[in-house]
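Subject: Handing over a structure, with notes

Dear colleague,

I am passing this structure on to you, together with some notes on what was found in it. Please open it first and keep it beside you as you read.

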Amino acid sequence: MADMLTRLIPLFPLLACLITAVAGAKWLKEKSHWPVVIGCGLSSLCSLALLFSIPNTPGEQVQPVVLYQWMQIVEPKIENGPVYAPGAEGVSPGLDLKISLRADSLSTTMLAMLTFVATLVAVYASGYMHGDRAYWRFFSIVGLFVFSMIMLVLSANFLQLFVFWEAVGLCSYLLIGFWYEKPEAAAAGMKAFVVNRIGDFGFATGVFLIWTTFGSTEFSAVLGDSAAIAKLASTNPYLLTTICLCLFTGAIGKSAQFPLHVWLPDAMEGPTPVSALIHAATMVTAGVYLVARCTPLFQLAPDAQVFVALIGGITALLAALIALTQNDLKRVLAYSTVSQLGFMFLGLGTGSLVGIGGAMFHLVTHAFFKALLFLGAGSVMHAMGGVIDMREFRGLKRLMPQTHTTFLIGALALAGIPPLSGFWSKDTILGAVYEQAHAHHEPAVAGAAPTATDEHADESHATTSAPPDKTMFGVSRVKLFGWLYWLGTLTAFLTAFYTFRAFFLTFYGGPEKVPHAAGHHAHESPPSMCNPLWILSGGAALLGLLLGHMTGIFDGYLSGTIDGLKEASHEHGINWLVAAVSSVVAAIGVGLAWVMYKEPSAIPGRLAALAGPFTRLSEHRFYLDEVYSVFVVKPLQGLAHFSRFFDWLFVDGLFVTGVSKLPAVLGRLPRPIQNGLVQFYALAMMLATAVLMWALLSKQT
Amino acid sequence: MSETFSILLPHVVLAVAGALFLLAGTFSINRRLFGPAAIGVLAVVGWLLYGSSLVLAEGGAIAVRSGAITQGFQYCCLALGALIILQSLSLQQEANSPTGEFYGLLLLLLDGLLLVSVANDLIMLFLSLELISIPTYVLLYLGRKDQRSQEAAVKYFLLSIFSAAMLLYGLAFIYGLTGSTQFDAIQNVLTETYAPRDPDALVPNPSILGVVALVLIFAGISFKLAAVPFHFYAPDVYEGTSAFNAGILAVVPKAAGIIALFRLVGHVTVGFEGTGQQLALILAGVTMTGGNCLALLQTNVRRMLAYSSVAHAGYMLIGFAVGFWEQSQLHSGLSANAGSLGLPGGMQASLLYLLAYSVASVGLFGALIYLGRPGRQIEHIDDLTGLAKSQPIVAIAMALFLFSMAGIPPLPGFWGKFSVFASALSVKQAVGEFGFQLHPAFAVLAVVGVLNAAIGGVYYLRLIALIFLHEPLGAPRPTGGRSAYAATLIAAVGVVLLGLVPGPVFHFLQKSAGTANQTATAATATSSELP
């Protein structure tokens, strides 16, 4: 049953993509959305069914469904265990190339979220993209994206993961540049593609390292064998750390973390449903999924974990600061996405199971409320005739009541106001960071690990807890997490503030004003766009309460893959101090935004003037694009110009006609010998035989 | 006796059928009659082969010996032979051309190829190689009646008999050295002399005679493989003759040479492994580099493919260098390390390469036959410019063949190169007491091979670029021959399948490599027990 569902889930979107690609332009035309909507819907139903039909027992190896075995040249015995033998010569990694699907609790959680959001976005897009010239092309690529993302999540080995990692990147590129006639859109697509290559390079290196180290890229052989990882951690910790950092580099690129976050805000040039689906809810969380999936590796590489936490924390704060001053509604949300992804990495970086579970939970809730916010922004954009600059419109509450209410729910969830979903997930992460920061107060219980009665939990904690209190940065781990906690709390405050700044600027802020582009028929969006908003806002409002700490359903389910999560989160419970602090801080943020932006006032302007340099820093996104332009792009362009010159002079001029023509020149040398004279050929054969004979005989004696 | 009979029966049937065709040629020249009949004969032979493989899974008698690899090879030969005959149905020939003789000779030639793979005796081996050569001479002569074609036929004839003489001379030396022409007997004698089980026994240096024999045998077979510097005939003959004949020359003698080496190595080379390894290393390096560099300069399609086939022979010889090394390990009682990657051994890798190369070659020449007309063959590479516009399907098929030859995954050419290079890198050298490192010569050879693959990529991709990225130069060429078209498509499907599902072939070769090694060890063990 589970196997059947696992096969069906990627099949529907693939079929939808093919049908739309083949029949879209000629026959489907205005109905091109149907295959994708139906395909995603069926996938979504199957994913929900799959949630409950996988055997979700902790510690048990999941048997992947092998769809297609391309090549397998390994000894059969390697199938059951890793061949890792550090330093042993003559142990070559086997080559086992296949497409297989692995449905465990981690991937089914992702699947359920992914297919559900994808279905809603597809419905929404049928309204949003209505009348577009390339209607069918849009849906065809969306179908391809959903398929690729499903395959990414279901991958049972790193190689397949990498392939579909690239595939979703390709779809992202195609969709960002969907309106390729617009130069900005084409440039943004290019930027996303190029920046992602940097991360992918790291990821590919990581996969190679895993392959040469473990002799396999199968999850079961790499991640499923704790003995091999422990052996590696004790014999060659640097290799393990390097592997983790390489994988994390891939995550930095895909999940738009500092310093590679610059592509995501530009990616907002794509159609808004794409921003909601790919650049908020699903694809950008692939990096989080990757790191969560590789938990067994990261847990034994504390240095890499601290690095993850640090990058996550820095990104969260930096992006929140930038979001403060952005005037483009979608860009505010884009930076907010970057910031929230930073939060997830912060949770992953704590290394405690609670933090990892919290990150995954935040991933799911974030998918709902951020997709909701983006779709709400799209609804506004739709009504405003494509204008998304918040200075061009205000006071839209009366005009767009449904969008207003749903956007408010999403904003509250993002701000982390209890009891909406964002509160629960963000709080879990902050609680986990807090735990790390205060680990040394309770040395008796060995760091973050509680005294678990259960032997199994004890074992899993023995490996996770008590990391060395010295990090690779020379700062005490406890101190570092102490900073990160306050940094996270500050970010929570900023998040609440900028979210409601955007909210008030759009829906309040004085008398109604619509831009000229909207014409006179500015109106609420059609039901096909509003209904998905309501469904998503239901998720955004209730998910935290239903699945979060209060019930423990999410952690309990996920502990099928992340062993011991249920016990860990049960032990920890909810940290009410942290929860209270973050709620109060969020409330202050909302209140401040209320005061400053509810009605037009002079406060924001005066405040901005007061904080002059900082405002400019934020407005210009910390000049990071400029910095990259000066230090990376321009030098690279210079290098490119130099290379062109060099290429012209040396490579084309000397190298190509010289060295690379060497084969041709070498080929020309014996040309006179190829003279067509049969006597000569016979002589050459004779001579060659003689020379060979002479050479080998002289060696003999 | 019954073993010999069951092995030989399919070959005898094929030979008799060939002879009957020659006879029947007197009564009819109907191509539509002989072509399908020839394919039918091949099907019957395949069925007989299957029957004999049921009777005899592994083993043989005095003069012939069959086994899993041999049978696999024979099935592949029959399939490719059927494709070649299918192509020939599209050939347009003048009236009164000897059709029966044409197909009779094709069948005899295929029979020779099958016989090489079962030969277990020096004389048998030599005669079956001649059974390939002699029909080839006639086919070359029958192909076209212009002066260039005649010149090509004569050139091939003279140089071929010259090389056959060298081969025979080498085989005679082996006979002189061991007093037998039978492989097992030769192996026993050589093992006793040069590779005894007893570690304290005095092992003489391989005698001068052995080295001379090996060099001569290699010279003779190198001609069939078109290895540098025995390749001179190839470009001239390919260019001079028709696309159909060039296709036969590109596949049949090469397959015969490879399978002949496969039979010889490990049987008649015991004790000369070091020499054989050096010989194969040198020839492989020179052949790859020479073939690829010369192919870069060519503007005639068939000439370019001739040099490319030379280069492919070089890659296949890498596997034999590894094969020699594996045999030497085997005889000195060490593990051959064959399959450190779970890969088949070196010689098996070469066979895989041969399969990938043959399918692509047959397909490629089939496409050239389809695109060519009498008097308007595809000559210059510009004749293929913009083919994708006029013949999209054939263009795609050609691109598949060329990509496969260039070694682009996931096509079979990639697996061939991969396994050959991997086998070269699996050769380890003992360092100190327990340590191992890459054998430098083999590592260098693998690097040379990879560089050559890059050079090879240039001219294959240049051709693909011409086909796909350029506008056609003239009006679309008239083409014809549904059967050549069909043969090309079948080969294309074969290429795709082999590339996407390489597992069975790999597994088969790996398994049979294991069996072959066991038999070899067993044979050595028995021989050492002899007084």
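A crossing of two helices is called left-handed if the near helix is turned anticlockwise from the far one by less than a right angle, and right-handed if clockwise. Helices here are DSSP runs of H or I of at least four residues, strands are runs of E of at least two, and both are numbered from the N terminus. With that in place, H3(A) passes H11(A) in a left-handed crossing. The contact involves A:Val117, A:Ala118, A:Val121, A:Tyr124, A:Ala125 and A:Tyr128 on the side of H3(A), and A:Thr272, A:Pro273, A:Ala276, A:Leu277 and A:Ala281 on the side of H11(A), where contact means that the C-beta atoms of two residues, placed from the backbone, lie within 7 Å.

Before going further, please note that this is a predicted model, in which local features need pLDDT of at least 70 and side-chain atom pairs count only at pLDDT 80 or more, while totals for chains, interfaces and linings use all residues. Residues are numbered from 1 along each chain as its sequence is written, and chains are lettered from A and ligands numbered from 1 in the order in which they are written.

The two chains

Chain B has 19 helices and four strands, and of its 531 residues 60% count as buried.

Helix H11 of chain A

The axes of H3(A), residues 105-128, and H11(A), residues 272-281, come within 8 Å and cross at roughly 160°, which makes H3(A) roughly antiparallel to H11(A). Axes are lines fitted to C-alpha atoms, for helices over the stretch in contact, and angles run from 0 to 180 degrees between N-to-C directions; those under 35 degrees count as roughly parallel, over 145 as roughly antiparallel, 65 to 115 as roughly perpendicular and the rest as oblique.

H11(A) is mostly covered, as ten of its ten residues are buried. Among the elements that cover them are H3, H4 (135-154), H5 (158-176) and H16 (353-383) of chain A.

The nonpolar cores

A nonpolar core is a set of buried Ala, Val, Leu, Ile, Met, Phe, Trp, Tyr and Cys residues joined through C-beta atoms within 7 Å. In the largest one, which has 216 residues, A:Val117 and A:Ala371 touch the most other members, and H16(A) gives the most to this core, with 20 residues. Leaving aside neighbours within four places in sequence, A:Val117 is in contact with A:Leu277, A:Ala281, A:Thr282, A:Ala367 and A:Ala371. A second, separate core of 193 residues includes B:Ala250, B:Val252, B:Leu281 and B:Tyr459.

Among the residues that make their contact are A:Phe162 and A:Trp165 of H5(A) and A:Phe193 and A:Ala204 of H6(A).

A:Leu624, finally, lies in H27(A), residues 624-656, and is partly exposed, with 15 other C-beta atoms within 10 Å. A:Leu624 and A:Ala204 are 420 residues apart in sequence and 26 Å apart in space, C-alpha to C-alpha.

With best wishes

Note on methods
Buried ≥ 20, exposed ≤ 12 C-beta atoms within 10 Å, placed from the backbone.
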